[in-house]
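Hi,

Here is the structure I promised to pass on. Have a look at it first, and then read on for what I found in it.

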Amino acid sequence: MIAPLRAPAVPAVVLGLALHLVGGSVLAVAARGEETAFSDSEKKRILRHTPLLPLPPDPTNRWAEDQRAIRLGHRLFFDPRLSGAGDLSCASCHDPALGFADGQRLARGREVATRHTPSLWNVAHHRFFFWDGRADSLWAQALFPIEEPVEMDGSRVAIARLVATDPELRRDYGELFGDPPGGDLVGRLPETARPLPGHPGHEDQKAWEAMAPGDRQAVTGVLVNVAKALAAYERRLLSGGSPFDRFARGLASGQAEGLAALSPAAQRGLRLFVGEGGCRVCHSGPFFSDGDFHDVGLPLDEGETSPDPGRLAGLRQLLDSPYNAAGPWSDAPLGAAARRLEFLAPRSESYAAIKTPGLRNVALSAPYMHRGQMATLEDVVRFYSTRENARPAGHHGRESILQPLDLTEEQISDLVAFLESLTGEGPDPALLRKPGE
Amino acid sequence: MGRSEILSLAIVLGGCAAGRPVVTVSSSAASEAGPALEEPSAVLPFDPAVAWGGPTGEGTYRIAYRPDPSTMPEGEVFSLEVLVLRGGSERAVPGAMIEVDARMPDHGHGMITVPRVERTGDGHFLVDGMLFQMPGLWELTVDVVEDGVAERATFAIELE
């Protein structure tokens, strides 16, 4: 079908409505004529990116849909007591006001990390978590930053103490998961302890080794439950419908109101996105990600001497993790995600491969890429256009699609306009604030 | 049992077997192979006539396969039962091994899994760990290796 404004199927009165709704921009469309006509094959490709899919279940987390877990997770997400020094919460780096990221190039928790904070928008729709996919569930993801020394630097023993002694937390936790470990256990626990196998000399690691296996098990159970509550909340961070979705509905139905949802520039950008730009090859589906890992040949960043090993290392960590979908803490150790683990194996193209980020709400979480190397969306588009300083393809199966696009300045801004049209309405605003504020 | 009796029995069974899960299959080509006829006719685990498949590149073999679950899912592990038949004879190839992979030609990548092949009988294989992680066009390849020589069959699968 041919589209907006030039389509014979769109009656003149409806066109009039569109003009009324968006005024000058539609006039611009009419003046530009051809640029707004999408071919049948373009239309088909565009409609692969919409509508949004329903929230996928997470059988590995039996609390994923529990309203009490969502409420508890919401409070914990903003609770700095989960960190070692009591000053950092999940929201410190995943700030709702900054697209659930932090606006920084590299994440800054207790120290500066080696990767950029990824946005949490639509995180429930990811298949693997972290830039390198080293977790295969959202709750398993949430465990890491809490105890990671450069991030929140907390400890599971301190968290078990907190849950056992804070009256409100103890009550809410108990309602969901049963009573947390009581006074007997807390009385014999060290102040802090956590497994840090990469830091054998760390006091917390030594204290962890000194604990009885049963105590370790009980304490780990508390951390896992806390993470499952956090995940139940984070699953609700859904971008919702965007101008692009309204436009696509208009494209499918011929309704002018929908067709008017994208500016002419965004429509031209959309055409590039699904056409000669090749963006859709990896940024596919309703969330604009194939959920896979690719080496796009980013130049080495300041301070890097070799590329981030990416998926190659992440996959090994995932397969070894006691918190993966097949592990003892999973609520579906024989489920589909566990079965998938049996057959995951590193491939030559796994080296330096980084997860394709989704693009919904992408305009809210600058800077970009896994080290935040690109300050703006324009910088990202320009990199794919020129491939300036891209690392040459080695023997690791670099994406052959990544050839310079030589876009014009106008095309670059058109693509950015399209990316900006992917910002959604968001969920209940109360979910985006600290509870009680 | 005489030669002609075996042949007629096989043809009768083959003729009424379409759609059945287990079927004895032979064909006229069997009469050309003297020694093979002294063996019981091969019992195939499923009827290649109603499965998906096709010939390998040189036509030396015909591949028949059926997925489990029968509709290939997106994003979840599934398995394939694969039969390797001698081209033109419909007889399972006892000495063959296979390698199975799948790629998305439009996206330049393969599956996120590495499937495992288990030989479950003469020319019969169970391929577990297939996973199509996204919709679109997939190319399934089955390489048949016999006596050190490989021949490939390629099948296009559009995952909606």
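In chain B, 53% of the contacts with a separation of 6 or more are between residues 24 or more positions apart. Keep in mind that this is a predicted model. Chain B has 160 residues, and 30% of them are buried.

Two bits of strand pairing in chain B are worth a look. One is an open sheet of four strands, ordered β7-β6-β10-β11 and paired antiparallel. β7 (109-110) and β11 (149-159) of chain B are the edge strands, each with pairing on one side only. Strand β6 (residues 97-104) of chain B runs antiparallel to β7(B), and two bridges join them. If you want to find that spot quickly, look for M104(B), which stands opposite H109(B) in β7(B).

The other is a hairpin. Strands β3 (residues 52-55) and β4 (residues 61-68) of chain B pair in the antiparallel sense, with four bridges between them. G53(B) has A64(B) in β4(B) as its bridge partner. Five residues lie between the strands of this hairpin, and G59(B) has a positive phi there, near 80 degrees.

Now to chain A, which is divided into domain 1 (1-55 + 241-310 + 351-437) and domain 2 (67-234). Domain 1 of chain A puts 24 residues into the contact between them, and domain 2 of chain A puts in 26 residues. On the domain 1 side of chain A, the residues touching domain 2 are 13 nonpolar, seven polar and four charged.

Where do the residues of the largest nonpolar core come from? That core has 98 residues, and among those with the most contacts inside it the list has I159(A), A227(A), A229(A) and L230(A), along with V82(B) and V84(B). Helix α11 (residues 213-234) of chain A gives the largest share of this core, 11 residues. Domain 1 and domain 2 of chain A both contribute residues, so the core lies between them. Take A229(A) as a way in: beyond its neighbours within four places in sequence, A229(A) is in contact with W63(A), A69(A), L72(A), G73(A) and L76(A). There is also a second, separate core of 32 residues, which includes F244(A), L259(A), A266(A) and V416(A).

Another helix to look at is α7 (residues 156-165) of chain A. Nine of its 10 residues are buried, so α7(A) is largely enclosed by the rest of the structure. The buried stretch is R156(A), V157(A), A158(A), I159(A), A160(A), R161(A), L162(A), V163(A) and A164(A), and two of the names in it are arginines, R156(A) and R161(A). What do these buried residues pack against? Their partners are α6 (138-147), α8 (167-177), α9 (183-188) and α11 of chain A.

Last, the contact between the chains: 17 residues of chain A are in contact with 16 residues of chain B. On the chain A side, six of those residues are nonpolar, four are polar and seven are charged.

Let me know what you make of it.

Cheers

Methods:
Residues numbered from 1 in each chain as written. Chains lettered and ligands numbered in written order. Predicted model: local features only at pLDDT ≥ 70, side-chain atom pairs only at ≥ 80, totals over all residues. Core = buried A, V, L, I, M, F, W, Y, C linked by C-beta atoms within 7 Å. Buried ≥ 20, exposed ≤ 12 C-beta atoms within 10 Å, placed from the backbone. Domains from an automatic or database assignment. Contact = placed C-beta atoms within 7 Å. Nonpolar A, V, L, I, M, F, W, Y, C, P; charged D, E, K, R; others polar. Pairing = 2+ DSSP bridges.
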